[in-house]
Amino acid sequence: MFFELDESQRDFAASIDAALGAADVPAAVRAWGGVEKAADAAPGRKVWSTLADLGVTALNVPEEFDGIGAHPVDLVVALERLGYWAVPGPVTESIAVAPVLLASDKRSEGLASGELIATVALPPLAPRAVDADTAGLILLAGDGQVQDATIGAEHQSVDPARHLFDVTATGEAQSADTAKAFEFGALATAAQLIGAGQAMLDLAVEYAKQRTQFGTVIGSYQAIKHKLADVHIAVELARPLVYGAALALADGSPTLARDVSAAKVAANEAALLAARSSLQTHGAIGFTQEHDLSLLLLRTQALRSAWGDSTWHRTRVLEGL
């Protein structure tokens, strides 16, 4: 199938790129993760304020709570760009999942305005809450219910900018569409992986145009061209699956589970190929803390297993067939 974004969606993506391009997101990621000194969430919160001004935080919030109630494709468009820039914080959880769990909760107004950042644990595939230490609302969901929760033990993530915590339910259980929330979580993560894959490809292409070996720009070598072309193809093949899953989510399609899992697997593999190829193109410098590629490499590794890894989602695709 061929998917083409309309002009308003392309403009929306461009406005996100323009805003985040001017926001020094890499510095915010490093501060959030405490790469250079003690963790500091302030720069990251400024980035989130920018997202709120653009309406990104309101996309999945119902209109009755001052949200936009946007189509899932619009949400995917935005989250792909957030993945491209490796925005720190519980992006999937606060922007995509929490509004579903709090569909009838007035606190959704805070999510829409950006004043409230939420994180979610939804066992067994999302057993820990991301950045529960900086979120204003912690939720624990499962079996058709959601409860407020409190922070527990911290666990190390491969990505220093993703703080993982055990959480314990403390609030009264309320009914929630946890099955739908999970599909949003998996799809939102897939969209970010597509964005990260594209970002790593772009960095590799630019570096290949500059780096010389034996007096020749490495981008002129056929092996490099083919390697980067393979990444481009992988990303372009995965992106329609993500859009298709967004349409299935909007329509409540009976193939929803299969479509979301197919999108997550394709996004996982495309981002992994992009990570390997970009690192091979850059060489060891690409994995140094000073190089922005390292932020994308770590984020990709973390997101590939978030909200279900490839093995789990492949099994669900098989079951759906």
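**Burial, salt bridges and spaces in a predicted model**

Mentor: Let's start with the record: an unreviewed UniProt entry annotates residues 180-320 as "domain: Acyl-CoA dehydrogenase/oxidase C-terminal". UniProt positions follow the numbering used here, feature names are shortened, and annotations may be inferred rather than shown by experiment. This is a predicted model, where local features need pLDDT of at least 70 and side-chain atom pairs count only at pLDDT 80 or more, while totals for chains, interfaces and linings use all residues. Residues are numbered from 1 along each chain as its sequence is written, and side-chain values use heavy atoms, with hydrogens and water left out.

Trainee: What makes up residues 180-320?

Mentor: That span is 80% helix and 3% strand, and its end C-alpha atoms lie 17 Å apart. Helices (H or I, at least four residues) and strands (E, at least two) are DSSP runs, numbered from the N terminus.

Trainee: How do you know what span to expect for helix H9?

Mentor: The expected span is 1.5 Å times one less than the number of residues. H9 (residues 256-282) has 27 residues and reaches 38 Å from its first C-alpha to its last, close to the 39 Å expected.

Trainee: Why is Asp259 called buried, and what is Arg258 called?

Mentor: Buried means under 20% relative accessible area, exposed over 50%, and partly exposed in between (1.4 Å probe, protein chains only). Asp259 has 17%, so Asp259 is buried. Arg258 has 28%, so Arg258 is partly exposed. As for H9, 19 of its 27 residues are buried.

Trainee: What makes the contact of Arg258 and Asp259 a salt bridge?

Mentor: The rule asks for a side-chain nitrogen of Lys or Arg within 4 Å of a carboxyl oxygen of Asp or Glu. Arg258 and Asp259 meet at 3.0 Å, N to O, and form a salt bridge. By this rule the count comes to 16 salt bridges.

Trainee: Which distance makes Glu236 and Arg239 a salt bridge, and where do they lie?

Mentor: Their side chains meet at 2.6 Å, N to O. Both lie in helix H8 (residues 222-251), 3 residues apart, about one turn of the helix. An α-helix has 3.6 residues a turn, so residues three or four places apart point the same way.

Trainee: Why are Glu236 and Arg239 put in their accessibility classes?

Mentor: Glu236 is at 34% relative accessibility, so Glu236 counts as partly exposed. Arg239 is at 12%, so Arg239 counts as buried.

Trainee: How do you know that Arg81 and Glu80 form a salt bridge?

Mentor: Their closest N and O atoms are 3.7 Å apart. Both residues are buried.

Trainee: What makes a space a cavity?

Mentor: On a 1 Å grid over the protein atoms alone, a cavity is a set of points where a 1.4 Å probe fits but cannot get out; a pocket is an open set with protein on both sides within 12 Å along at least five of seven lines; lining residues have an atom within 4 Å of a point. Grid points are joined across faces, edges and corners, and a volume is the space filled by probe spheres set on the points. The count comes to 1 cavity of 30 Å³ or more, and the largest cavity has a volume of about 70 Å³. Among its 13 lining residues, the closest to its centre are Gly89, Val91, Arg162, Gln192 and Arg299.
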